[in-house]
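Please look over the structure below before reading the points.

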Amino acid sequence: MNAPGIPFRFRNRSEAGRDLAARLAHLGDEKPVVLALPRGGVAVAAEVAGALHAPLDIVLVRKIGAPFQPELAVGAVADGGHIEAVINPGVAAFVPEAWIGREKARQLREIERRRAVYVGDRPRVSVAGRTAILVDDGIATGATMLAALRSVRRANPKRLVLAVPVAPPDVLSELRAEADEVVCLQVPHPFGAIGAFYEDFHQLDDAEVVRLLDGASRPGFPDR
């Protein structure tokens, strides 16, 4: 048990996914599609997809970091037919436009690399007219999730649900306008880092992501 004042820590992303799936059980009858943000979000989403008997796919998003601090988001880009660029004006004001353009192009190349590695020739899951549940292992600045939400919204889902184990209250409040429903297990203040809410928060490699996606496409999962 955690000491007073210490936030609950998930053992790992799988446990977070199972806990999240329990909160999403009311969506099971809607035959939803579960969409994950790689890499870490795939481990959470795989548990959600399994529990809801839903197909699993990915939304590829890459953060555009600041040159002086790569973890500080200038914006984010997502694939899916349209490219979403969400620029943080407060940060972008100190970053040359030429640098943002170069970094955006670099991240789009990484998106294409990851799609080839993770998905290969498997067809994408259609979300048009369906309930789409967008899952990650947590939200920090919200830039990548905002890009992902807007990218999925362009695909015309019937409903768009944002589901994460943990997120800061201010960022979650801003993202509510982009989703039809938001499910978040922990909304701590102060927030800190996502990894602080997991005992095991190792960085998934490409092989782990592929294994999880391949498992979701095996017989026993819904038709894609």
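1. Axes here are lines fitted to C-alpha atoms, for helices over the stretch in contact, and angles run from 0 to 180 degrees between N-to-C directions. Helices (H or I, at least four residues) and strands (E, at least two) are DSSP runs, numbered from the N terminus. This is a predicted model, in which local features need pLDDT of at least 70, side-chain atom pairs count only at pLDDT 80 or more, and totals for chains, interfaces and linings use all residues. Residues are numbered from 1 along each chain as its sequence is written, and side-chain values use heavy atoms, with hydrogens and water left out.

2. Helix α2 (residues 40-52) and helix α7 (residues 206-216) have axes that come within 9 Å and cross at roughly 20°. The two helices are therefore roughly parallel to each other (angles under 35 degrees count as such).

3. Which residues meet between α2 and α7? On the α2 side they are V42, A43 and A46, and on the α7 side V209, L212 and L213 (contact means heavy atoms within 4.5 Å). The residues of this contact comprise six nonpolar, no polar and no charged. Ala, Val, Leu, Ile, Met, Phe, Trp, Tyr, Cys and Pro count as nonpolar, Asp, Glu, Lys and Arg as charged, and the others, Gly among them, as polar.

4. The protein chain has seven helices and eight strands. Its C-alpha trace spans about 50 × 50 × 35 Å along the principal axes.

5. Of the 224 residues in the protein chain, 50% are buried (under 20% relative accessible area, 1.4 Å probe, protein chains only).

Methods:
Angles under 35 degrees count as roughly parallel, over 145 as roughly antiparallel, 65 to 115 as roughly perpendicular and the rest as oblique.
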